[in-house]
Amino acid sequence: MPLIDTIINVVAGLGVILLTYGVFLEAERRQDLVFIVGSACLLVYSLWIGNKIFSLAMAGVMIGSLIELIEILTGKHKHISP
């Protein structure tokens, strides 16, 4: 296995760990940051293997988390109580 394949697989494993960890975080800022980094890691992997659907899914998670983080930082993110 060439070195680049090993590096890509390690990045993918890190992405899986980060996305799983992010589910359990309570603080939304940290959760969004972890989701951004984790989905970026898996986006790199999905582009490497050439899977378009997986690439779109990870890009969507990354963009959605980035938008929510920006809303939190600018004060536009509101919680709705039931």
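This is a predicted model: local features need pLDDT of at least 70, side-chain atom pairs count only at pLDDT 80 or more; totals for chains, interfaces and linings use all residues.
**Helix α1**

Start with the span of the helix. α1 has 21 residues. From its first C-alpha to its last, α1 reaches 31 Å. That is close to the 30 Å expected at 1.5 Å a residue.

Next, look at which residues of α1 are covered. Ile 8, Ala 12, Gly 15, Leu 18, Leu 19 and Gly 22 are buried. They lie on the same side of α1, because they cover an arc of only 125° around the axis. An α-helix has 3.6 residues a turn, so residues three or four places apart point the same way. What covers the buried residues of α1? The cover includes α2 and α3.

Now turn to the other side of α1. Leu 3, Val 10 and Ile 17 are exposed there.

| Side of α1 | Residues |
|---|---|
| Buried | Ile 8, Ala 12, Gly 15, Leu 18, Leu 19, Gly 22 |
| Exposed, on the other side | Leu 3, Val 10, Ile 17 |

**The nonpolar patch**

Leu 3 also belongs to a nonpolar surface patch of about 510 Å². Which helices each supply at least two residues of the patch? They are α1, spanning 3–23, and α2, spanning 28–49. The largest share, 3 residues, comes from α1.

Trp 48 is found in helix α2. Is Trp 48 buried or partly exposed? Trp 48 counts as partly exposed, because its relative accessible area is 46%, and that class runs between 20% and 50%.

Methods
Residues are numbered from 1 along each chain as its sequence is written. Side-chain values use heavy atoms; hydrogens and water are left out. Patches are made of residues with over 30% relative accessible area and no salt bridge: like charges are joined within 9 Å, nonpolar side chains (Val, Leu, Ile, Met, Phe, Trp, Tyr) within 5 Å. Accessible areas come from the Shrake-Rupley method with a 1.4 Å probe; for residues, only the protein chains shown count as cover. A salt bridge is a side-chain nitrogen of Lys or Arg within 4 Å of a carboxyl oxygen of Asp or Glu. Helices (H or I, at least four residues) and strands (E, at least two) are DSSP runs, numbered from the N terminus. Buried means under 20% relative accessible area, exposed over 50%, partly exposed in between (1.4 Å probe, protein chains only). The expected span of a helix is 1.5 Å times one less than its number of residues. The arc is that of the directions from the helix axis to the C-beta atoms. Contact means heavy atoms within 4.5 Å.
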